[in-house]
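Let's walk through this one together, starting with charged pairs and then turning to a helix. Have the model open beside you.

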Amino acid sequence: MATRIPPAGSGHIVWDWNGTLLHDIDVVIEATNASFAEVGIPPITLERYRELYCVPIPLFYERLLGRLPTDEEWAVMDRAFHRHYYARADTAGLTEGAVALLADWVSAGHTQSVCSLAHHDRLLSWVARLGIDGHFLRVDGNTGDSVVRGKAEQMARHVAALAGLVEGMDPERVVIIGDATDDAKAAAHAGAKAVLYTGGSHSRRSLLSAGVPVVDTLAEAVLVAEELVGPG
């Protein structure tokens with residue numbers, strides 16, 4: 001990834017990937033229902049998925065089934081989902097307007113990065129295939145322990161690594177843009193701010209419970225991020 005040293009006081013956006021920069025919610029629903037069919041669970045609509053979805057994922061299944069899945073059931077459903085998801089993943093593209101927003105943020109003298117629980121090697125491949133890798137100081141995905149430790153710990157490590165790349169990087173001028181309440185929790189854990197986007201996995205009602213700004217487009221998210229970091 002190309003490293004850019006921003007001017008003093010510039011802002012930094014940490015982008016979530018799945019459901020935020022990558023518009024993959026339709027693929028997620030298709031893969032979810034395909035995996036549900038394998039274990040005898042009725043299909044779910046996008047609206048119901050967004051109302052019920054939460055992490056850790058077994059709690060999502062508890063909301064759906066009325067009970068926690070057994071370890072064996074969870075292993076089967078998890079493998080089935082990922083098999084169906086990755087079979088369809090290359091059909092997902094960037095969210096509308098994302099390319100221009102990424103370029104404009106850098107042109108304005110700011111920096112940005114990606115932090116995701118997507119598998120690290122797959123994430124790097126995605127970012128490169130979609131031609132946006134040159135916009136980021138750093139891209140961090142799941143390297144094995146991120147899912148166990150959670151997004152909050154991963155984000156704290158990511159922000160700490162950014163401080164090693166850019167002298168004077170202040171977490172108060174870092175804004176996480178994501179599609180899940182966990183992104184807001186991760187931002188708070190890392191001492192950063194957050195903006196949540198409704199185009200991914202959560203309903204607006206769910207996102208509002210996080211107590212941070214909620215927007216319907218990535219363009220709005222960037223405008224709010226500019227307001228949150230203040231003048232350079």
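Start with E172 and K193, whose side chains meet in a salt bridge at 3.1 Å, N to O; the term covers a side-chain nitrogen of Lys or Arg within 4 Å of a carboxyl oxygen of Asp or Glu. This pair links distant parts of the chain, 21 residues apart: E172 sits in the loop between α8 (151–165) and β6 (174–178), and K193 in strand β7 (residues 193–197). Helices (H or I, at least four residues) and strands (E, at least two) are DSSP runs, numbered from the N terminus. E172 is partly exposed at 45% relative accessible area, and K193 is partly exposed at 22%. Here buried means under 20%, exposed over 50%, and partly exposed in between, with a 1.4 Å probe and protein chains only.

A quick word on ground rules: this is a predicted model, where local features need pLDDT of at least 70, side-chain atom pairs count only at pLDDT 80 or more, and totals for chains, interfaces and linings use all residues. Residues are numbered from 1 along each chain as its sequence is written, and side-chain values use heavy atoms, leaving out hydrogens and water.

The structure holds ten salt bridges. Another one joins D140 and R138, at 2.6 Å, N to O; D140 is buried at 14%, while R138 is partly exposed at 29%.

Now look at helix α6 (residues 120–129), where H120, L123, W126 and V127 are buried. They lie on the same side of α6 because they cover an arc of only 120 degrees around the axis, taken from the directions from the helix axis to the C-beta atoms. Packed against these buried residues are β2 (22–23), α4 (71–88), β4 (111–119) and β5 (139–142), with contact meaning heavy atoms within 4.5 Å. After α6 comes G131, with a positive phi near 75 degrees.
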